[in-house]
Amino acid sequence: MKEKNGQVSRAALRRQREKEKRYTTILDVAEKLFAQNGYHQTSLEHIADAAEISVGTVYFYFKNKEDLLITLIQKVGFQLRKTLGDAFLSQDGTLEGIVSAGLSFFKEFCLKYPERLSIFFREAGGQGPAVEEERKRLYGKVIKDLEGALARVAAETKTHYRSPLSAELMAVSILGIYERVAGYYMLWHDRAGDINAAADDVTAFTVGGIKNLMISRKG
């Protein structure tokens, strides 16, 4: 409802804020329960109880549990891409940016948001065609981001890569290494205390691989 001057009424603004708060609460609760108990072991009833709302309210915002998981994947995927991108750009597109992105992934994303790590790299896997398609789409975007970063590094350092596939291959490999190392220490063995040391070694390893595929333009 609008007031006479055409502005949205305070009551309407309050209702909108309440709707946004419920939406955020549902996502936060689902993220926590999916990560702690597993996607299949968590029902919409569990989410509704933990959020202190009715199941009908959950259905008002999401078609089903799969729709809720897809929304979470999109949210986490956006944050992951922003974390990597901001860290890379902070170093002006140099190899130090690749290092910075890797350290940010492990020391910021993984350590600060273990539930989101679990959602993106564990719970989203093998959950049906729609979920898998969204997961594949976001993986593709992260790989393209990394490929673009590697292309910028080559331009900044006046080098080129050994083959036309080098940048794409390295991007796929970097994401795969990040996923496996994070999964091993954070999800499989509860060794989060080793992530800082692992992050330093992983970034050194990936940068060494990148340098090995670089060829000076003068050569």
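User: Before we start, what does contact mean here?
Analyst: Contact means heavy atoms within 4.5 Å. Among contacts in the protein chain between residues at least 6 apart in sequence, 68% join residues at least 24 apart. This is a predicted model, where local features need pLDDT of at least 70 and side-chain atom pairs count only at pLDDT 80 or more, while totals for chains, interfaces and linings use all residues. Residues are numbered from 1 along each chain as its sequence is written, and side-chain values use heavy atoms, with hydrogens and water left out.

User: OK, how many helices and strands does the protein chain have?
Analyst: There are nine helices and two strands. Those are DSSP runs numbered from the N terminus (helices: H or I, at least four residues; strands: E, at least two). The order from the N terminus is α-α-α-α-α-α-α-β-α-α-β.

User: How many aromatic pairs are there?
Analyst: The count is 14. Rings of Phe, Tyr and Trp (its six-membered ring) pair if their centres lie within 6.5 Å; planes under 30 degrees apart are stacked, over 60 edge-to-face, and the rest tilted. Phe-105 and Tyr-178 are stacked, because their ring centres are 5.1 Å apart and their planes are at 15°.

User: Where do Phe-105 and Tyr-178 lie?
Analyst: Phe-105 is in helix α5 (residues 95–112) and Tyr-178 in helix α8 (residues 166–188), so the pair ties together parts 73 residues apart in sequence.

User: Is that Tyr-178 buried or exposed?
Analyst: Buried, at 2% relative accessibility. Phe-105 is buried too, with a relative accessible area of 1%. Buried means under 20% relative accessible area, exposed over 50%, and partly exposed in between (1.4 Å probe, protein chains only).

User: What about Phe-106 and Tyr-178?
Analyst: They form an edge-to-face pair, 5.3 Å centre to centre with 75° between the planes. Phe-106 lies in helix α5 and Tyr-178 in helix α8, so this pair ties together parts 72 residues apart in sequence. Phe-105, Phe-106 and Tyr-178 belong to one aromatic cluster, which also includes Phe-109, Phe-120, Phe-121 and Tyr-139.

User: And which residues have the most contacts inside the largest nonpolar core?
Analyst: Phe-105, Phe-106 and Tyr-161, in a core of 66 residues. A nonpolar core is a set of buried Ala, Val, Leu, Ile, Met, Phe, Trp, Tyr and Cys residues joined through side-chain atoms within 4.5 Å. Not counting residues up to four places away in sequence, Phe-106 touches several residues, including Val-181, Ile-195 and Val-202.
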